[in-house]
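Take a look at the protein below. This report goes from the whole chain down to single residues.

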Amino acid sequence: MKNRIKELRKNLGLRQEDMAAQLGVTRQTINAIENNKYNPTLDLAMKIAKLLELPVESIFLLEE
């Protein structure tokens with residue numbers, strides 16, 4: 001699964017540290033998700049979508 005988190009986060013002017021703090025995870029977790037090394041849990045994916053104010057399906061994209 002690919003995602004657009006890095007692009008969307010930067011558009012909002014958020015650092016990885018800021019996003020991590022708001023989501024209750026570590027900066028390393030955000031970094032791993034952005035680099036497609038870790039797929040977040042459904043709960044975390046929904047929290048990310050809420051933070052970014054976008055539908056989850058516009059953030060996470062299934063690879064074909």
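Helices are DSSP runs of H or I with at least four residues, and strands are DSSP runs of E with at least two; both are numbered from the N terminus. On that basis, the protein has 5 helices and 2 strands. Keep in mind that this is a predicted model.

**The whole chain**

Start at the N terminus and read along: the elements run β-α-α-α-α-α-β. The radius of gyration is 10 Å, close to the 11 Å that the globule rule gives for 64 residues, so the protein is as compact as a globular protein of that length. Along its principal axes, the C-alpha trace spans about 30 × 20 × 20 Å.

Now the contacts. Take those with a separation of 6 or more: 54% of them join residues 24 or more positions apart.

Next, the surface. The accessible surface is about 4300 Å², and carbon and sulfur atoms hold 50% of it. Of the 64 residues, 33% count as buried. As for charge, there are 10 positive and 9 negative side chains. The centres of these two sets lie 6 Å apart.

Which residues of helix 2 are buried? They are Gln-16, Met-19, Ala-20 and Leu-23. These residues cover an arc of only 100° around the axis, which puts them on the same side of helix 2. Their cover includes helix 1, helix 3 and helix 4. Just after helix 2 comes Gly-24, with a positive phi of about 75°.

Helix 3 covers residues 27–34. Its buried residues are Thr-29, Ile-30, Ile-33 and Glu-34. They span an arc of only 130° around the axis, and therefore sit on the same side of helix 3. What do the buried residues of helix 3 pack against? Their partners are strand 1 (2–3), helix 1 (5–11), helix 2 (16–23), helix 4 (42–52) and strand 2 (60–61). Helix 3 is then followed by Asn-36.

**Positive phi without glycine**

Asn-36 has a positive phi although it is not a glycine. Glu-53 also has a positive phi, and it is not a glycine either. Where do they sit? Asn-36 is in the loop between helix 3 and helix 4. Glu-53 is in the loop between helix 4 and helix 5 (56–59).

| Residue | Phi | Relative accessible area |
|---|---|---|
| Asn-36 | about 55° | 41% |
| Glu-53 | about 55° | 71% |

Buried means under 20% relative accessible area, exposed means over 50%, and partly exposed is in between. Asn-36, at 41%, therefore counts as partly exposed. Glu-53, at 71%, is exposed.

Phe-60 lies in strand 2. Is Phe-60 buried or exposed? Its relative accessible area is 10%, so Phe-60 is buried.

What does Phe-60 touch, leaving out residues up to four places away in sequence? The list is Met-1, Lys-2, Asn-3, Ile-5, Ile-33, Pro-40, Ala-45 and Ile-48. One of these, Ile-33, is also among the buried residues of helix 3. Thr-29 is another buried residue of helix 3. Phe-60 and Thr-29 are 31 residues apart in sequence and 16 Å apart in space, C-alpha to C-alpha.

Note on methods. Residues numbered from 1 in each chain as written. Predicted model: local features only at pLDDT ≥ 70, side-chain atom pairs only at ≥ 80, totals over all residues. Heavy atoms only, no water. Buried < 20%, exposed > 50% of the residue type's maximum accessible area, 1.4 Å probe, protein only. Arc of directions from axis to C-beta. Contact = heavy atoms within 4.5 Å. Rg over C-alpha atoms; globule rule 2.2 N^0.38 Å. Areas by Shrake-Rupley, 256 points an atom, 1.4 Å probe, with all protein chains shown as cover. Lys, Arg positive; Asp, Glu negative; His and termini not counted. Charge placed at Lys NZ, Arg CZ, Asp CG, Glu CD.
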